[in-house]
Amino acid sequence: MTGVRVAGVGLTQFGRQPERTGRDLFAEAALAAREESGVPSDDIEELNYGNFMGSLAERQGHQAPLMAEMVGLDCPATRYEEACASAGVAVREAVRSVRSGENDVVLAGGCERMTNLSTADVTEGLATAADELYEIRAGITFPGAYALMARAYFEQYGGDREDLAHVAVKNHDNALPNEYAQFHRAITVDEVLDAPMVSDPVGLLDACPVTDGASALVLVSDEYAADHDLDAPVSITGTGQGGDNLALQDREDLAVTPATERAATEAYADAGRDPDDVDVVEVHDCFTIAEVLALEGLGFYEAGEGIGAARRGETTATGERPVNLSGGLKAKGHPVGATGGSQVVEMTRLLRGDHPNSDHVEDATVGLTHNAGGTVASAVVHVLEVDR
Amino acid sequence: MTDAGYDEWLDAVDDGEGYYLRCPEGHGSLPPRRVCPHCGSTDLGRESLPTTGTVETYTVCYVGGPDFEDEEPYATAIADFGDVRLTGVVRGVDPEDVAVGTVVEPTVGTNRTTGDDLLVLRAR
Ligand SMILES: [Zn+2]
């Protein structure tokens, strides 16, 4: 089985760009990735494209061949939809296709256009990642679903909104130097606690923003990289995916996310690594509680221990295992169908040493990315390693 | 829109004859289902839904989607009914007075925005 290398990465600015079409956003990211890789278009054998709500936001289904056309590719193109884990799945399937020997070069990534919709319509669109019969009709929104999990966590393990506020403060600090991030504004614990409540206990500053953006990666086999003398020091050495009941009410425990655990177990085994080997992490922090649940599901903390990680300084940029040096979904932004790809892009930059926060992890060799769909009814984990 | 399986279930709840599905292993689930989501058994029978449940977790939603704009703020809770849990809008109490442990009964109400039927967890 061949190894898989990241030959080039591309991102658009994440943020409010309501006038820009999805096709324009994705083309920008994909062309940047191709340019950086030095791979000619004709060598790209497949496009794996992540998108969640394009049919609602742009009335545009069947986006993958459109995106291939916009990038000037003449190859099969498939859209992957797994709610907010759409691009994570697109990348994972690209890894699997290169490993299988079927393709040597695959373009993977994703895009979401969101800010052209009203807040109410975005809320409704995102809610479709929940169970239509038993959750959406009962008034569940995306922040509401995470609020239910946060309260269940507090009941079971303790912790409070102030612990969660430290997660938001940390991720905003991390976003400050990241040129692609939506927010370049430090915030304080008091500001998080005083922000308007969206869905108690999730406040406005516990939540990721609504974002437009795209991400793209050119993935190649070890042989292709060697034959073409590519500068591609970062490899994806592990991939895993896990699933769970769609509706929260059907899960055994509301304060844990077994899909993350399943994805992580598979990815660690695949890479021959364990949580202690991981130097730097990008996790799916769509809400502050989500970062806590992710760190526990990934095996970095026992259940109930992850909530104090940011407050204790363990996951800050200068902590022992920095989490979300990109700014995370919270401050970098969350264009849902692009997010999983952007995490792998950011991790690649961090490990290569060309991310503005690379100085915090200059000796790092192993990175991990975690992308979740809905209330973690799906999760995708990747392990990345850099040649040193 | 009609949704076979779900509509009948909601009507049964409205008539005070709520039920859930139970496999021989004792796993509970809600219709429509052809298999038990826990063990894959296709042998699903109907059991009576307990007449009361207790709130396990809840949220007070201040910003809902377009279908709930006339409800804000509203409390949505997940309540424990033994072998199954139900998610519903809590009524019969001020949203901000809902608590973990609040005893609720499953009923059917009307969504004030859309006029559609809605699973309501009515506080006792
Ligand atoms: Zn069963």
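## Interface of chains A and B

A:D200 stands opposite B:V60, a residue of strand 4 of chain B. This is a predicted model, in which local features need pLDDT of at least 70, side-chain atom pairs count only at pLDDT 80 or more, and totals for chains, interfaces and linings use all residues. Residues are numbered from 1 along each chain as its sequence is written, and side-chain values use heavy atoms, with hydrogens and water left out.

Strand 4 of chain B covers residues 53–61 and pairs with strand 5 of chain A. The sense is antiparallel, over two bridges. Strands are DSSP runs (E, at least two residues), and helices are too (H or I, at least four), numbered from the N terminus. Pairing requires at least two DSSP bridges between the strands.

The table gives the totals for the interface.

| Item | Value |
|---|---|
| Residues in contact (heavy atoms within 4.5 Å) | 30 of chain A, 34 of chain B |
| Buried area (accessible area, 1.4 Å probe, lost on being put together, summed over both parts) | about 2700 Å² |
| Salt bridges (Lys or Arg side-chain nitrogen within 4 Å of an Asp or Glu carboxyl oxygen) | two |

Carbon and sulfur atoms give 56% of the buried area. A:Y134, A:R137 and A:Q249 supply 25% of the area that chain A buries against chain B, more than any other three residues. A:R137 also forms a salt bridge with B:D3. Their closest N and O atoms are 2.7 Å apart.

Which elements give two or more residues to the side of chain A that touches chain B? They are helix 5 (119–127), helix 6 (142–157) and strand 5 (197–200) of chain A. Helix 6 gives the most, with six residues.

Notes. Chains are lettered from A and ligands numbered from 1 in the order in which they are written. Buried area is the accessible area (1.4 Å probe) that two parts lose on being put together, summed over both.
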